[in-house]
Amino acid sequence: MELNSILPTIIADNELHARWLNTLSLMENTGARKISASEDPVTVTYIILKHAAEEHRHAFYLKKQIEKTGKDLCPTYSGEYLVAPSYSKYYLNMLDVEVCRYLKKELQLTGRELRFAAYLLVTYAIEVRADELYPIYQDALDAANSKINVKSIILEEEGHLEEMINQLKTFSPVWQLHADKAVELETQLFDQWVDELGKEVN
């Protein structure tokens, strides 16, 4: 199942579309909270603070877009207000676990170093995904002449990916090897998530 074949069905149903927006908001909020959790209280950088703030804002922006569906829906991130709730909550947490497992095995990292390396790789993989997902979603919105748009998120996510690459280059001379592994792990989890979306939508 491909995401671009699922999205028209989601967008055509206001109640479903509201839950989809709420699900994206949940995932952005989860990402923001993970970034904040990985921060060192002393050495946290401008880039990390900026990134966490922007991910929180994306969560808020997507939540706000729900109003345009014409439905007073999705007051919380409770399961009934999400699409594929179990997988949507599991996806980012599982990516974090898998990347940490990889870093412990390959680089023998622990503690603060492990948290920071996991932040870099998980966030990189998510930004690669966001650079693909949001334009596909925007194209589907445009095709449906929807009032909803995610163009501002697309612009910021492009900047995030560039910032993550710059941080990864400082982290390791073979950063691309580790980043590719993170993307491979993310792709498996993303494909499972899209399958679950398809089951719920069709």
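**Reading a helical model**

Analyst: The model is a predicted one. Tyr137 counts as buried, because its relative accessibility is 0% and the cut-off for buried is under 20%. Trp20 likewise has 0% relative accessibility and so counts as buried.

User: How many aromatic pairs does the structure hold, and how is such a pair described?

Analyst: For a pair of aromatic rings, one states the distance of the centres and the angle of the planes. The structure holds 8 aromatic pairs. In one of them, Trp20 and Tyr137 have their ring centres 5.7 Å apart and their planes at 80 degrees, an edge-to-face arrangement. Trp20 belongs to helix H2 (residues 14–38) and Tyr137 to helix H5, so this pair ties together parts that are 117 residues apart in sequence.

User: What is the arrangement of the rings of Tyr124 and Trp175?

Analyst: Planes over 60 degrees apart count as edge-to-face. For Tyr124 and Trp175 the angle is 80 degrees and the centres are 6.1 Å apart, so the pair is edge-to-face. Tyr124 lies in helix H5 and Trp175 in helix H7 (residues 175–201), so parts that are 51 residues apart in sequence are tied together by the pair. Both Tyr124 and Trp175 are buried.

User: Which residues form one aromatic cluster?

Analyst: The members of one aromatic cluster are Trp20, Tyr91, Tyr137, Phe190 and Trp193.

User: What surrounds Trp175, and is this residue buried or exposed?

Analyst: Trp175 has a relative accessible area of 12% and is therefore buried. Leaving aside residues up to four places away in sequence, Trp175 touches Tyr124, Ile165, Leu168 and Lys169. As for Arg112, its C-alpha atom is separated by 18 Å from that of Trp175, and the two residues are 63 residues apart along the chain.

User: I turn now to helix packing. At what angle do the axes of H2 and H4 cross?

Analyst: The axes of H2 and H4 cross at roughly 25 degrees and come within 9 Å. Angles under 35 degrees count as roughly parallel, and H2 and H4 are therefore roughly parallel to each other. The crossing in which H2 passes H4 is right-handed. On the H2 side, Thr23, Leu26, Met27, Thr30, Gly31 and Lys34 meet Ser88, Lys89, Tyr91, Leu92, Asn93 and Asp96 of H4. Sorted by class, this contact of H2 with H4 has 4 nonpolar, 5 polar and 3 charged residues.

User: How do the axes of H4 and H5 cross?

Analyst: Helix H4 (residues 85–107) and helix H5 (residues 111–143) have axes that come within 9 Å and cross at roughly 130 degrees. That angle makes H4 oblique to H5. H4 passes H5 in a right-handed crossing. From H4, the contact is made by Tyr91, Leu92, Leu95, Asp96, Val99, Cys100, Leu103 and Lys104; from H5, by Leu114, Ala117, Ala118, Leu121, Val122, Ala125, Ile126 and Arg129. By class, the contact of H4 with H5 has 13 nonpolar, no polar and 3 charged residues.

User: Finally, which residues does His160 touch?

Analyst: His160 is found in helix H6 (residues 151–171) and counts as buried because its relative accessibility is 0%. Not counting residues up to four places away in sequence, His160 touches His51, Glu54, Glu55, His58 and Glu127. Helix H6 also contains Glu158, which is partly exposed, with a relative accessible area of 43%. Between Glu158 and Glu127 the C-alpha to C-alpha distance is 7.7 Å, and the two are 31 residues apart in sequence.

Terms used
Residues numbered from 1 in each chain as written. Predicted model: local features only at pLDDT ≥ 70, side-chain atom pairs only at ≥ 80, totals over all residues. Heavy atoms only, no water. Axes fitted to C-alpha atoms, helices over the stretch in contact; angles between N-to-C directions. Helix = DSSP H or I, 4+ residues; strand = E, 2+ residues; numbered from the N terminus. Parallel < 35°, antiparallel > 145°, perpendicular 65-115°, else oblique. Left-handed = near helix turned anticlockwise from the far one by under 90°. Contact = heavy atoms within 4.5 Å. Nonpolar A, V, L, I, M, F, W, Y, C, P; charged D, E, K, R; others polar. Phe/Tyr/Trp six-rings, centres within 6.5 Å; stacked < 30°, edge-to-face > 60°. Buried < 20%, exposed > 50% of the residue type's maximum accessible area, 1.4 Å probe, protein only.
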